[in-house]
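Reader: Please take me through the reading of a structural model, one feature at a time.

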Amino acid sequence: MKTKRIKILFTTSNFHTAGSGKVIYDLVKGLDKQKFDIAIACGSNKGAFFKEVETLGVPIHVFETKTPYRPYTTLLPRVWKIAKFYKQHEFDIVHSWQWSSDWTEALAAKIAGVKWMYTKKAMGANNKHWKIKSYLANFIVTINDEMRAYFPTKKQQTLIPIGIDTSYYNPTLFKNIKKKEAIFNIITVANLVPVKGVEVLIEAVSLLNDKHVTLTIVGDCDNAYGEELRAFTNTLGIENQVRFLGKKLDVRPYIVASDLYVIPTLNEGRKEGMPMALVEAMSMQIPVLGSDITGINFVLKAFNHLLFKAGDTKALASKINMIKTMDESSRKHLAHDLRTYCETHFTMKSFINKHEFLYKKLLKK
């Protein structure tokens, strides 16, 4: 007798970027289709990465699975609409990848009698909505070791670090790309918002006072913060050393052409979930540096010497100089160790297997 497949719905707001979208993509692609019947729901079909997700060949519902709380007088009818969607498609599990504290899709799942779980991607869980969301969840997946403390009474939780497809983030695919001789190029990839502290990295480059050091910034810079960063480079007189490339769907060629990846932070109060841009750079086998904050230090916990105090431009400049002055053999050895660490601790196989086990456990199968 053929075993009925577990029907799973993955929910997200959109696929505007390949950040969380790529994680969902990899998970859907890797799950055993003999055991799991998969669908996706997102609030928009916009975004360059949406077309990539369509190639997976699974049903994609352009349907918003969360709704504003207010007005409270019409909340239940709006939640009921989501519950009807869950029931209509007979999902067994809804796995939410929404980043916010919204709990309306969890309430809809309760009404529909569907198991609902979410992956905690962002730090912070102190407000009442996070508490409600976590109370309603049948299970919570955390992605770094500090998050467990957010849910001290929640036994239904587990740590599953996000996996990376090391065959995709693989420097051997770009052997034709050559680094510029006599130039030490630093790269950072980020959603350019003030909390990222890219100005810390720009100032650190200025402190080096070395025309042979360049900086490539990848991320949407067509905003007020982007303009501030450009103005800052002009003020420091290093505008010829800094390139703003804007958003790129595929960052691999830019990483592999660089000598160092840096993930800065504005201050020590900032926390990250699990910064995948950092893991991608490690997998692309180049040296990295990161602020010593939650999330970043989780990824780099075996490489403490690659951490620097958040917001400290002098400390960062010193660390950059440390990497720059390494002999070529030592730098290559470090880069190799970083990729090997990804292949050991952030494997896609482990990521997929742990989710398959969790889904079966949730349904007691």
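Author: Helices (H or I, at least four residues) and strands (E, at least two) are DSSP runs numbered from the N terminus. This is a predicted model, in which local features need pLDDT of at least 70 and side-chain atom pairs count only at pLDDT 80 or more, while totals for chains, interfaces and linings use all residues. Residues are numbered from 1 along each chain as its sequence is written, and side-chain values use heavy atoms, with hydrogens and water left out.

Reader: How many cavities of 30 Å³ or more does the structure hold?

Author: Rolling a probe the size of a water molecule over the atoms shows where empty space is left. On a 1 Å grid over the protein atoms alone, a cavity is a set of points where a 1.4 Å probe fits but cannot get out; a pocket is an open set with protein on both sides within 12 Å along at least five of seven lines; lining residues have an atom within 4 Å of a point. Grid points are joined across faces, edges and corners, and the volume is the space filled by probe spheres set on the points. Here there is one cavity of 30 Å³ or more. Its lining has 10 residues, of which K22, V23, D26, M276 and E280 are the closest to the centre. The space in this largest cavity is about 70 Å³.

Reader: Which helices each supply at least two residues of that lining?

Author: They are α1 (20-30) and α9 (276-283). The greatest contribution to the lining of the largest cavity, three residues, is that of α1.

Reader: What is the volume of the second largest pocket?

Author: The second largest pocket has about 510 Å³. It is lined by 18 residues, and those closest to its centre are K179, V256, Q285, E328 and K332. Helix α12 (residues 328-345) provides the largest share of this lining, namely four residues.

Reader: Which residue meets D250 in a salt bridge?

Author: The partner of D250 is R252, at 2.8 Å from N to O. D250 is partly exposed at 27%, whereas R252 is buried at 10%.

Reader: Why are R339 and E343 separated by about one helical turn?

Author: The two residues are so placed because they are four residues apart in helix α12. R339 is buried, with 8% relative accessible area, and E343 is partly exposed, at 36%.

Reader: How is R339 placed relative to F139?

Author: F139 and R339 are 200 residues apart in sequence and 31 Å apart in space, C-alpha to C-alpha. F139 is part of strand β6 (residues 139-142) and is buried, with a relative accessible area of 6%.

Reader: Which residues make up a nonpolar surface patch?

Author: Patches are made of residues with over 30% relative accessible area and no salt bridge: like charges are joined within 9 Å, nonpolar side chains (Val, Leu, Ile, Met, Phe, Trp, Tyr) within 5 Å. Areas come from the Shrake-Rupley method with a 1.4 Å probe, and for residues only the protein chains shown count as cover. Here L76, W80 and I111 form a nonpolar patch of about 300 Å². Of these, L76 lies in helix α3 (residues 75-88) and is exposed at 56%.

Reader: How many disulfides does the structure hold?

Author: A disulfide is a covalent bond between the sulfur atoms of two cysteines; the criterion is a pair of cysteine sulfur atoms within 2.5 Å. The structure holds zero disulfides. C42 is buried, at 0% relative accessible area, and C221 is buried at 4%.

Definitions and conventions:
Buried means under 20% relative accessible area, exposed over 50%, partly exposed in between (1.4 Å probe, protein chains only). A salt bridge is a side-chain nitrogen of Lys or Arg within 4 Å of a carboxyl oxygen of Asp or Glu.
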